[in-house]
Amino acid sequence: MNSETNFQKFTDLERRALTLLSEDSRISVSELASGLGVSKATASRLVKSLRAKGVRFTVEVPEGYPIAFVITRRPHQGECHRLVDGRFMVVVKARDFNELVEAISGIRDREAVYITLGPGYSNKLVIPRLICDYCGGPINGQPIIYRRGKRIYYLCCRTCLRELKKRIKQLKTTKDGDEAHKAG
Ligand SMILES: [Zn+2]
């Protein structure tokens, strides 16, 4: 099994959220909320449920970040500054957020923690690779979005779109045939 995303398992609101996110993968939670016409709380809940369904969001952190400034009672190894109030400020650098949190939790006498993800950072969401609803292959770049009734299909290329339309037409013909048969 791979960790790719299958759009079938999402609710309509989640699909709309993913559509917005795939059009602009770097919108903030408040931009997502206004784009969907929902509250910020609903948008955050949406992001959580998308995570739970396997969508991965990552923050883009510039080179040399994230950094935490940890205020402590005692001096620590590494980069550590004595503050004018007699306490200390330990500078913790890590390659990613998880590593940073782990390093911070190792500093037992911490009194305050300030984290920076770098200059100009805002809550950015980066959408992962999507998969095509027709061929199951990865969608690189912008997906082709095809709406039919309530369903939204995400496709990797024009060929898949054409084939999907053909398949839907076939299914519809079969269904109509059945109905005609029942009626007659
Ligand atoms: Zn495809």
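1. Two strands count as paired if DSSP finds at least two bridges between them. In this predicted model, strand E1 (residues 67–72) and strand E4 meet that condition, with six bridges joining them in an antiparallel run.

2. The E1 and E4 pair belongs to an open sheet of four strands, ordered E2-E3-E1-E4, with antiparallel pairing. E2 and E4 (110–116) are the edge strands; each has a single partner strand, so one side of each has no neighbour in the sheet. On average, neighbouring strands here are turned by 20° against each other, direction ignored.

3. Apart from neighbours within four places in sequence, the contacts of Ala-68 are Val-92, Leu-100, Ile-104, Val-113, Tyr-114 and Ile-115. Val-91 is 23 residues from Ala-68 in sequence, yet the two C-alpha atoms are 5.9 Å apart.

4. A second pairing involves strand E7 (residues 144–148) and strand E8 (residues 151–155), which run antiparallel and are joined by five bridges. Within this pairing, Arg-147 has Ile-152 of E8 as its bridge partner. The hairpin of E7 and E8 has two residues between the strands, and Gly-149 adopts a positive phi near 60° there.

5. Gln-142 lies in the loop between strand E6 (138–139) and E7. Gln-142 has 9 C-beta neighbours inside 10 Å and therefore counts as exposed, the limit for that class being 12 or fewer. From Gln-142 to Cys-156 the separation is 14 residues in sequence and 8.1 Å in space, C-alpha to C-alpha.

6. On confidence: the chain has an average pLDDT of 78, and 77% of the residues score at least 70. Among the elements, the highest mean pLDDT, 96, belongs to strand E2 (residues 80–82), and the lowest, 72, to strand E5 (residues 130–131). Residues 1–5 have pLDDT below 50, and this stretch makes nine contacts in the model beyond near neighbours in sequence.

How values were computed. Residues numbered from 1 in each chain as written. Predicted model: local features only at pLDDT ≥ 70, side-chain atom pairs only at ≥ 80, totals over all residues. pLDDT = per-residue confidence, 0-100. Contact = placed C-beta atoms within 7 Å. Buried ≥ 20, exposed ≤ 12 C-beta atoms within 10 Å, placed from the backbone. Axes fitted to C-alpha atoms, helices over the stretch in contact; angles between N-to-C directions.
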